[in-house]
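Q: Please take a close look at the interface between the two chains, and describe how it is built.

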Amino acid sequence: MTRRSVIRRLVRHPSGLIPASWLTLLVFAAVFGDWITPYDPNEADFLALFEGPSFRHPFGTDELGRDTLSRLIDATSVALLAGVQAVGIGLALGVPIGLAVGYLGGWWDRIAMRIVDAIFSLPGLILAFAIVAVLGPGITNAMFAVGFLFSLRFIRLTRGSVLSTREEPFIEAARLSGAPTIRVLRSYLLPNIAGPLIIQVSISFAAVLLIEAGLSFLGLGVQPPNATWGTMLREARLNQSQSGWLPWPPGLAITLTVLAFNTLGDRLRDVLAEDPASSPPVVPPAEFAPVRPAASVDSDTTGVSGEAFEAVYSLSDALLQVRHLDIEVPTAVGPALAVRDLSFDVSAGDVVALVGESGSGKTLSATAIAGLLPRQVNIVGRSSILFKGDELVGSTDDELRSIRGAHLSMIFQDPMSSLNPSLTIGYQLAEPLRSHLGMNKAQARDHAAELLSRVGIPNPRNRLADYPHQFSGGMAQRVMISIALAAEPDLLIADEPTTALDVTTQKQVLELLVQASEESGMAMLFITHDLGVVAEIADRAVVMYAGQAIETGEVFETFANPRHPYTRALLGSVPLVDKAQKKLVTIPGRVASPSDNSPGCRFVDRCSVSVARCSEAPPPLLSLPSAGRIVRCINPNGSPDGSPTVSSS
Amino acid sequence: MGRTVAYRLVAALPLLVLVSILAFALVHLMPGSASETILGDGANPEAVAELDRALGLDKPLVTQYFTWAGNALSGDFGTSPLTGRSVTDTLTERIPVTLSVAIAGLTVAVLLGIPTGIWAALRYGRWMDRMLSLVTATGLAVPNFWIGILLAYWVGVRTKWLPAVGYTPFAEDPVEWVKSLILPGIALGIGSAAVIARQMRGGLLEVLDRPYIRTARSKGMSFRRVVVVHALKNAFTPVATVLGFQVSVMLGGAVVVEQVFGIPGIGGQLIRAVIEQDIPVIQGVVMFTAVVVIVVNIVIDLSYAAFDPRVRVQ
């Protein structure tokens, strides 16, 4: 970014323009102060003491009848010069020391940073006092003291930049190519450090102004009769019984100026952070059209025979009915649909697997059903989620709350981060028991111990008082399961519950889940990318690709006779132990991104049997009632014009 | 617990030694010797040499340092050449007053900052959050002594609800003691309240994005319960860190605010000492401040254990 464009962007937003204007005004007042002050700032007028604001004296007069506005303007140059002095000294001392310490490293670094940290932990004002005591009062000495203290900030900043620049791969590469470290650092460090330094300078200016005002207020800075905002407040305080007006102008001047420097520093940080070099590349408009959910959904489902679709999906006893679920996520190029037109059912007691690669939208879908989507991620379009006949989309958090935990529970991928580190297991387990089942403390405790023993945790009663970090990953997931099952829900959503566990534990946890489901007739929506797990536990499978369900059916049927090319490819990529395979089969290409709204099939680029028609229009959602199957493909039999060979396993 | 405290104390020793060296060095950084200062300009060189001997200033620096540090350890910071009083006496008389002001400021900062931060976080991105971020930005920019002057006049002088100047010791009248500390506490605490509010807001927002919050919600816990029981405790750790740093800020700020309200803390003595180059008083104050900072840091370290059970075990 050029310097000009930084400045232009800085003032484009009010948070940059307003402080920049105010500071420009101050600089103007400081430079031309002598010409623009309406009165001599030190001229007394004993006929006009303690006057309030008037036409003659817009900001009133002080105890000697001096014009407050003139004194305020006169003080500007002192305030700014003091800031320049202190920050200048801070820079002059801090940057070289920081560079040296960062460059030398080792013991130099450790000792210097120890000293810096130690001084930093003490009150700056008291240290400034000590230095002023040695040098004697006066604004120059005071600002030297402050500058010395602020050099610590610049030492920290510069040292940090040197250290992080040193570790950049290109520095390493340049060094390996034989260039001396110091020269390499010199040419790369400056651009890296300039931004943070400017920000720090702006913020330091603010802090210096406050300290300068404080020291002058105490009589240790600028000496009377010279006006500074601090000494004006000192005089206002001495005369506070005479006038309540006097402290306002200098106090406001200090506050506004400090606020301006701070805000400018923040704004500068934002501007430098949005540097195009560091932000993701902007996709040209041609490739990206903003999402219009309703339209895209409609076009997606064209070609489906309405009757056939509803025929399959009109299973009235379904516990959970997800229809046309669209989920919008924020991306660098604007909102995009990460889940598109997802429809499926979970019947009471059924185990349904939601299968797909990472990025297929399966976890997002599961989270949406539980109403636990993160901020800024929204269900859009004509989505509907019916749970036990109640519409969940659009329900308030309070309405969802009576369902969550009690009728619908969820377990997550990483049990360790999913348990609250600062509460005991017993407490976390007792919560749903007390709020959903209305147990009292003692009952909840007993029942919690029983639940823990049911999921196979040895010595459950004693473990209730333990914290999550005292459990292994597998044990923690068992705890999570016992929490989720506590109120005996009708549906358990398990989001990759075994992925973070080691292989031996995985099997035990799976068995536990299946057993729980069979014993209580609890339905389960199982999110996974592991086809082996699906085959083992699920009744039905919903295969997801790039945000869409591309094939749905009975697990056995689907695996034995996959209809969608993606499902076929997915099954083909599973390494089989009993077959001699020469190499791992992979699906070439990459998953279509959520912001990719090209008209055709989302799998077309990776499909081995695609035809021209596939990239022209979205494939229809075909229901194959005979096979109890729904497939999103124009060529579900893998035959005629594509002429692929369906490999039967 | 005992072992943790002992360990932290040992770890704090280098800081104490470093500060003591700096404090000791003050005397020698000054132009002219202490004896010259005491005896005044144009003093007889023999008299200066005599006083040097009497004060031990003719001995090697290292010897002088250990003598000074040894005395300081036993609570003796020497005598102020200005007042002829023992520095330790001055400190024990004035420090409790300054600490009262600092604690009042800290109380205001916590009582104001924490609820503001929580409130802003729960209204994240809405206009109230934006308003509060402007308010805290202003809070960071107002000079504490200006707030003090305004409060002293508009509340103290005008309404007479609270004293505009002066200080009543606790032993004399606890109610008056509290009343005399309210305005100074507000003046001193507003800036730190802004810092704490910002940290609290950021900390709470970060915690609310953690997976265990999603778990608590998935259990059907109320929003209130999720925030109060599950999020706040975990969000306090970074606030505690900032709080420790604010104690140091309070000690410095108290010196200034005391002047606004005419409170007889260490501030007046210190400012006089700075102007008159009364080094022993300054050394005493610096060393005392360092000790307070160290003790506070240890307390903060221990408080982490209260917020986070993982720290307790280690």
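A: Two residues are in contact if their C-beta atoms, placed from the backbone, lie within 7 Å. By that criterion, 62 residues of chain B are in contact with 61 residues of chain A. H10(B) gives the largest share of the side of chain B that touches chain A, twelve residues; helices here are DSSP runs (H or I, at least four residues), numbered from the N terminus. By class, this side has 43 nonpolar, twelve polar and seven charged residues, where Ala, Val, Leu, Ile, Met, Phe, Trp, Tyr, Cys and Pro count as nonpolar, Asp, Glu, Lys and Arg as charged, and the others, Gly among them, as polar.

The model is predicted: local features need pLDDT of at least 70 and side-chain atom pairs count only at pLDDT 80 or more, while totals for chains, interfaces and linings use all residues. Residues are numbered from 1 along each chain as its sequence is written, and chains are lettered from A and ligands numbered from 1 in the order in which they are written.

One helix pair illustrates the interface. The axes (lines fitted to C-alpha atoms over the stretch in contact, with angles from 0 to 180 degrees between N-to-C directions) of helix H4 (residues 106–121) of chain A and H1(B) come within 10 Å and cross at roughly 80°. H4(A) and H1(B) are therefore roughly perpendicular to each other, a term for angles of 65 to 115 degrees. A:Arg114, A:Ile115 and A:Ala118 of H4(A) meet B:Pro14, B:Leu15, B:Leu18 and B:Val19 of H1(B) in this contact. Its residues comprise six nonpolar, no polar and one charged.

Methods. Helices (H or I, at least four residues) and strands (E, at least two) are DSSP runs, numbered from the N terminus. Angles under 35 degrees count as roughly parallel, over 145 as roughly antiparallel, 65 to 115 as roughly perpendicular and the rest as oblique.
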